[in-house]
Amino acid sequence: MIRIIFPLIVCIATLVSNTAAAQGAEIADDAPDSYTVVKGDTLWGISGRFLKQPWRWPEVWRMNRDQIRNPHLIYPGQIVHLDRSGPWLSIGKRLGIDKRLPQIYEETFGNELPSIPLNAIEPFLNKPLVVDEARLQGAATIIATETNRVFTGQGDTVFAKNVSADADVWQIFRPVTPLNDPITGEIIAYEAAYLGAARVTERSDPVTLEIVDSVEEIGVGDLMLPSERPSVFSFVPHAPENPVDGRVMSIYRGVAETGKLNVVSLNVGERDGLERGHVLALYRNRGIAEYKEEGVKETYQLPEKRYGLVFVFRTFDRVSYALVMDSDGHVSIADSARKP
């Protein structure tokens, strides 16, 4: 698949600058003057070579709002240069390629660098990870299997109701874990277990489907939602425009604590203004201290400690999933997540 783009060095020259914002970004103590991009790099990792706050790289690339939502692409072999006067980052020519003139060039789509390590979040990108009560009520449901088998797998036929006509491929899931708000205890959504995928073979009543993929046994009562297209994850880090007051709600695999490059869920989502690419700061609740003097007891709420950053990579109405990018210590349930 071929994508036609202008060479990045031309794009950089036309970006809208924000000098005040860039001057607030600090250069890393051991920042090099340049770096050659290699396969396996991430935009966050490259920025960390130059900046003390890697998530602020859109500012020093002089990117405007539209470019942050749909950034230009960076490829292995290109050279990133640091101008310490800004600081500014820019892209030079690829190794072994003559300097390009302003014209249209072709690039092979799929080799561009992701913002963060995809292997850490790949299972979360396009599965029906979170479903609320409304989606549960409207979900398609498997109501029978061929020859009344209790469980089915790849290649088998199933029959389902509430299968809309606007989708032919469906993801099969089972809501297994309620997600409770860590402050109120309210169930705000359910974390779904992905079971497999099915394709419509006949628009009958009930609809006939063939299971084309299965990771667990599938049976009567399991639910289905239309399959989502995988997307190239190239959203760049940026702070929310408005204040965000969230909490760590759960940690993947059900543990109580986690650390860097692990996935957490937050009790804030699209209704709170979150979008993919948002960076939030993590704060640890230090609790309450009691002090006694001459028989008088005093109680103090200790100040929170900022200790890390998370990168939001998938959002739902009231829930979002984020990857822990930096952490000075463990991440715990109920820790705060706010605009950095």
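Modeller: The protein chain exposes about 17,500 Å², and carbon and sulfur atoms supply 48% of that. Accessible areas come from the Shrake-Rupley method with a 1.4 Å probe; for residues, only the protein chains shown count as cover. This is a predicted model: local features need pLDDT of at least 70, side-chain atom pairs count only at pLDDT 80 or more, and totals for chains, interfaces and linings use all residues. Residues are numbered from 1 along each chain as its sequence is written, and side-chain values use heavy atoms, with hydrogens and water left out.

Colleague: What share of the residues is buried?

Modeller: Of the 340 residues in the protein chain, 46% are buried. Buried means under 20% relative accessible area, exposed over 50%, partly exposed in between (1.4 Å probe, protein chains only).

Colleague: Now Ser265. Buried or exposed?

Modeller: Buried, because the relative accessible area of Ser265 is 0%.

Colleague: Which strand is Ser265 in?

Modeller: Strand β17, residues 263-266. Strands are DSSP runs of E, at least two residues, numbered from the N terminus.

Colleague: And what does Ser265 touch?

Modeller: Leaving aside neighbours within four places in sequence, Ser265 is in contact (heavy atoms within 4.5 Å) with residues including Leu179, Arg247, Ser250 and Tyr321.

Colleague: New topic. Where does Tyr291 sit?

Modeller: Tyr291 is in strand β19, residues 288-293.

Colleague: Why does Tyr291 count as partly exposed?

Modeller: Because its relative accessibility is 41%.

Key. Helices (H or I, at least four residues) and strands (E, at least two) are DSSP runs, numbered from the N terminus.
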